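Okay, thanks for coming, everyone. Let me put the chain up on the screen and walk you through a few spots in it.

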Amino acid sequence: MKNRRFIPMIIYVAVLVLVFSWTTGLFSQKSATLSYSQVVDLFRAEQVKSFVVEDQTITMELYTPISGKSSVTTTLADPQSFRLEMNDLLKSQRESGVLQGYDFVPQKGFSASELIFPLLTVGVILLLLWAMFMGRMNNSNPMSNFGKARTVLGVPDGKKVTFADVAGADEEKEELREVVDFLRAPEKYTEIGARIPHGLLLVGPPGTGKTLLARAVAGEADVQFLSISGSDFVEMYVGVGASRVRDLFDQAKKVAPAIIFIDEIDAVGRKRGSGLGGGHDEKEQTLNQLLVEMDGFGRTEGVIVMAATNRPDILDPALLRPGRFDRQIHVGVPDVKGREEILKVHARGKKLSEDVNLRTVARSTSGFTGADLSNLLNEAAILAARDSRAAVNMEDMNEAMMKILAGPAKKSRVQSRRDLKTTAIHESGHAVAMYYLPTHDPVRHISIVPRGSSLGATWYLPKDDSSNLTRNEMYEQIVGLLGGRVAEDVFLGDISVGASNDIDRATKLAKDMVARYGMCERLGTVSYLDGGEVFIGRDYQTSKSSFEKVAGTIDEEVKSLIDRAYDHCRKILTDHADKLRELSDYLLANESISGEQFARMMEGKELGEATQTVLFDGFGEPREEPKDQE
């Protein structure tokens, strides 16, 4: 328990209170102190029945109680003077029977215990205070922990992870099995002269399972797992980062065989010389120490460094050379088979109804990472629990998908008829243009119900896992993005701000085609964008001096490409104006339409009943082979 660290402090305080109370006589029965004149007045008023004087203390038994007490004890500054002054009065009261008895106890001589006991008491108090202070220094003072690495030993939740818990990464797991085998039986490799990689760098987009893979390696090899974040090394104090790196590797060597896992290593491993601090920058000192520690391993120490990043391009080259991070393992977005396996893993412990087909969900979630798929199932489970259903059905999966892509529906939002019509025309323009573009991804759902910051949405999801876009596919994506603006211009005679995001995305695609991918005949096969940014591991001088000369040409080509796509989209929508009006009228009457119903409308067939599984229906196969646009 976290409160256990307060128990010693409580004990110290209790002992101090008891000692103080004992030495000061807090628990004695003394009454309020009386002055010398008040004591004399009591005798003269014949109120004292008897008394005893011992050292400098007088205890009197009274006829009339004072403050409810008949026995009063007080201090006399000079007992001998009191005796001489009161001697005659005491004799007369004794003879008359008022004073029934009294006694003057002789003073004791000096005792060593009277000096030793107070000194011993003070010494005990000082010893307890010193012990409490040193305990706080060792346990809770952050100054003493600056040079210590904030390492987490073992997995955070205490649950052992193996390769069976990692789905959709078969090739990655095969690469890592060699590390597991070495940690289990290192002599098999050392006898033949082989050297296991000192470090493995897991590279991939966020959410692809890099940290999970590292935990699985430790679980499979059954070795210690020390994890730390790259940002935990760096502090505002100079030298702290390097000290923490040394402490991290010292901890690992003590519990070897072990795996050190550094998450988000780009926070500490960026290229040197790229910041304003030069070689004296604290991050560079930390990186230098990390380089020294990684290259200083013995062959039999059994410590392997694993790290994860989604920005390998900004890491220092010295960190990536053989002998440090010998291997880079790319953990990419899973394919359809991998997505189905990941869904099965995350579906453990969740109650799914019979209509939920994970294979269909996997086919319709191209581009999703493992984290995205986990979030999809979790959101669906939350929706089912909110509506008090015993199991997650396909309708929950569909609503969770739309919630992730566009945000929660705002059905209570009141919109004017003009806004609804504008939104219906806008989304119909997107959908019709996309339908008549041969290489464009199929439309899965169209809605004019506000979600998130948008007034409507047209969902289109890819049919396969192709990640290699062609020039024609990128061009047709631009045409589809412009469909909403063109429809407003042609069918409403005015334009709105609703197409701002579409224009931004279309412009970025066009600029990438012209300046990055060399898809412009006028500029040739030359890339004018390096993808770098200042202050992320590159110097100011990396920008190309020729870029300024061709910047105007790039802008002209981008505008020309956008204008050509705009005219192409206008022709599609004008040629199929009846389909666009039919779709917009249907949206105004029903608010949404499924992809299957939309395809039947475009083919002139009966729409049929609306289906709930609008995103996971498996329709929309390409109708013909794509042709390059002239």
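Let's start with Glu379, which sits in helix H14; helices here are DSSP runs of H or I with at least four residues, strands are runs of E with at least two, and both are numbered from the N terminus. Before I go on, this is a predicted model, where local features need pLDDT of at least 70, side-chain atom pairs count only at pLDDT 80 or more, and totals for chains, interfaces and linings use all residues. Residues are numbered from 1 along each chain as its sequence is written, and side-chain values use heavy atoms, with hydrogens and water left out.

So, is Glu379 buried or exposed? Its relative accessibility is 18%, so Glu379 counts as buried. The cut-offs are under 20% relative accessible area for buried, over 50% for exposed, and partly exposed in between, with a 1.4 Å probe and protein chains only. Leaving aside neighbours within four places in sequence, Glu379 is in contact with Ala400, Lys403 and Ile404, where contact means heavy atoms within 4.5 Å.

Those contacts take us to the next helix. H14 and H15 have axes that come within 8 Å and cross at roughly 120°. The axes are lines fitted to C-alpha atoms, for helices over the stretch in contact, and angles run from 0 to 180 degrees between N-to-C directions. That angle makes H14 oblique to H15; under 35 degrees would be roughly parallel, over 145 roughly antiparallel, 65 to 115 roughly perpendicular, and the rest is oblique. The crossing of H14 and H15 is right-handed, meaning that the near helix is turned clockwise from the far one by less than a right angle, with anticlockwise being left-handed. On the H14 side, the residues that meet H15 include Leu376, Glu379, Ala380 and Leu383; among their partners in H15 are Met397, Ala400, Lys403 and Ile404. By class, this contact has 9 nonpolar, 1 polar and 4 charged residues. Nonpolar covers Ala, Val, Leu, Ile, Met, Phe, Trp, Tyr, Cys and Pro, charged covers Asp, Glu, Lys and Arg, and the others, Gly among them, are polar.

H14 (residues 370-386) also packs with helix H12 (residues 336-346), at about 45° and with the axes 9 Å apart. So H12 and H14 are oblique to each other too, and their crossing is right-handed. H12 brings Arg339, Ile342, Leu343 and His346, while H14 brings Gly370, Leu373, Ser374 and Leu377. That contact divides into 4 nonpolar, 3 polar and 1 charged.

Now for the backbone. Most residues other than glycine have a negative phi. Ser388, in the loop between H14 and helix H15 (394-406), has a positive phi, near 60°. Ser388 counts as exposed, at 68% relative accessibility. Glu591 has a positive phi as well, near 75°, and is found in the loop between helix H21 (577-590) and strand S13 (592-594). Glu591 is partly exposed, at 44%.

One last stop, Phe104 in strand S4 (residues 101-105). Phe104 is buried, with a relative accessible area of 15%. What does Phe104 touch, not counting residues up to four places away in sequence? Phe51, Val53, Phe82, Arg83 and Leu90. Val53 is 51 residues away along the chain, and its C-alpha is 4.9 Å from that of Phe104.

To zoom out, the chain has 22 helices and 13 strands, and 41% of its 630 residues are buried.
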